[in-house]
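Please examine the sequence and the three-dimensional model below before reading on.

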Amino acid sequence: MIQAWLAQHWFVFILTLKRLISAPITSLLSIIVIGIAFSLPTGIYTLMENLRALSGQTAGSPQISLFFKLDADQKDIDKIRQRLEENPQIQHVQFVSRHTALQQLQQNSGLNDPIINLDRNPLPDAFIVHVQSGVETVKQLHETIQEWPEIEHVQYDSAWIERLDALLKFGRFTVLLLATLLSIAIIAVMFNTIRLQILTKQDEIEISKLIGATDSFIRRPFLYFGAMQGLLGGLTAWLIVTLVIQRMAEELTELARLYSLNLNLQPLSTEDSISLLLFSTWLGWLGARISVASHLWQIEPK
């Protein structure tokens, strides 16, 4: 039973390949159209993933600066250090004593005499906290630390985080919108392609029904044809994106050297590549399935 089922599907697979080869120009144009359509959202997605990785090199993890009150003692410092180190959202904690901060100010400002003549050190003890990336994570941690009585002021530069987060959100929305619109367009193209095939093979379908062929047997070649074109279109999109990313990486080599950055653009990961191929195959099958369901029932033996 299983061997017969496999033999039927193998026969349909070979028949579908022959149909593709019998009309090479038409098949090639359809595959290229599908490939270009898929390459647009896939390319944007790949660039956004590279941008996310690049942001980690250029900006590092976001930092929050905690400034103690001037009357804070060592007990307060140890208490805050323990709280920070126990927080899972914090990657690294660096303590800067008021004495170290005054020395750094003296070295960097060049105001040696005025600083030396100060009656007392006006700078507070501080912690520099490296936080996991994410606007919400930093904001929540900032609000929490601001309520601690030992802390006078909490400062962090959220501008780059918010801009990057907004850019990535816009990129994800763009990818989703393009993928949705182009998926509908691909289904429509496949729908019309299968409709034309059904019309050209109307006599063959009528004869098949006369000799007792089931609807599933008749529609199987059309479903294979749609799925195969979707798969080849996905492969074309993957090839386009890979070549474009490779070319862009070559052009960025000089820029990376000037800024001492690692700007090696990465292609689609294995998981994303498999998802692309599966999704494109499913879209091709879906367009064929809708077309067959809409037109095949209208053909009956006379």
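The account below moves from the chain as a whole to its sheet, its salt bridge and a few individual residues.

The structure is a predicted model. Its chain is built from 11 helices and four strands. Of the 302 residues, 36% count as buried. The chain exposes about 18500 Å², and carbon and sulfur atoms supply 62% of that area. Sequence separation gives another view of the fold: among contacts between residues at least 6 apart in sequence, 84% join residues at least 24 apart.

Strand 2 is joined by six bridges to strand 3, which comprises residues 126–131, and the two run antiparallel. Within this pairing, glutamine 94 has isoleucine 128 of strand 3 as its bridge partner. Strand 3 is in turn connected by five bridges to strand 1 (residues 63–68), again in antiparallel fashion. Here phenylalanine 67 finds its bridge partner in alanine 126 of strand 3. Five bridges also join strand 1 to strand 4, and these strands likewise run antiparallel. In that pairing, the bridge partner of isoleucine 64 is tyrosine 156 in strand 4. In a regular strand, the side chains alternate between the two faces of the sheet.

Attention may next turn to charged side chains. Side chains of opposite charge can pair when their charged atoms come close. How many salt bridges does a search of the whole structure find? The search finds one. It is formed by the side chains of glutamate 150 and lysine 79, with an N to O distance of 3.2 Å. The pair links distant parts of the chain, 71 residues apart: glutamate 150 is in the loop between helix 6 (135–146) and strand 4, whereas lysine 79 is in helix 3 (residues 74–86). Glutamate 150 counts as buried because its relative accessibility is 8%. Lysine 79, with a relative accessible area of 38%, is partly exposed.

Serine 27 is part of helix 2 (residues 24–58). With a relative accessible area of 6%, serine 27 is buried. Leaving out residues up to four places away in sequence, serine 27 touches Arg19, Leu20 and Gln229. Serine 273 lies in helix 11 (residues 270–295). Its relative accessibility is 12%, so serine 273 counts as buried. Apart from neighbours within four places in sequence, serine 273 is in contact with Trp238 and Leu268.

The final example concerns the surface. Phe170, Phe173, Leu177 and Leu181 make a nonpolar surface patch of about 440 Å². One of these residues, phenylalanine 173, lies in helix 7 (residues 159–200). Is phenylalanine 173 buried or exposed? Phenylalanine 173 is exposed because its relative accessible area is 51%, and residues count as exposed over 50%.

Terms used:
Residues numbered from 1 in each chain as written. Predicted model: local features only at pLDDT ≥ 70, side-chain atom pairs only at ≥ 80, totals over all residues. Heavy atoms only, no water. Pairing = 2+ DSSP bridges. Buried < 20%, exposed > 50% of the residue type's maximum accessible area, 1.4 Å probe, protein only. Contact = heavy atoms within 4.5 Å. Patch = residues over 30% accessible without salt bridge, like charges linked within 9 Å, V, L, I, M, F, W, Y side chains within 5 Å. Areas by Shrake-Rupley, 256 points an atom, 1.4 Å probe, with all protein chains shown as cover. Salt bridge = Lys/Arg side-chain N within 4 Å of Asp/Glu carboxyl O.
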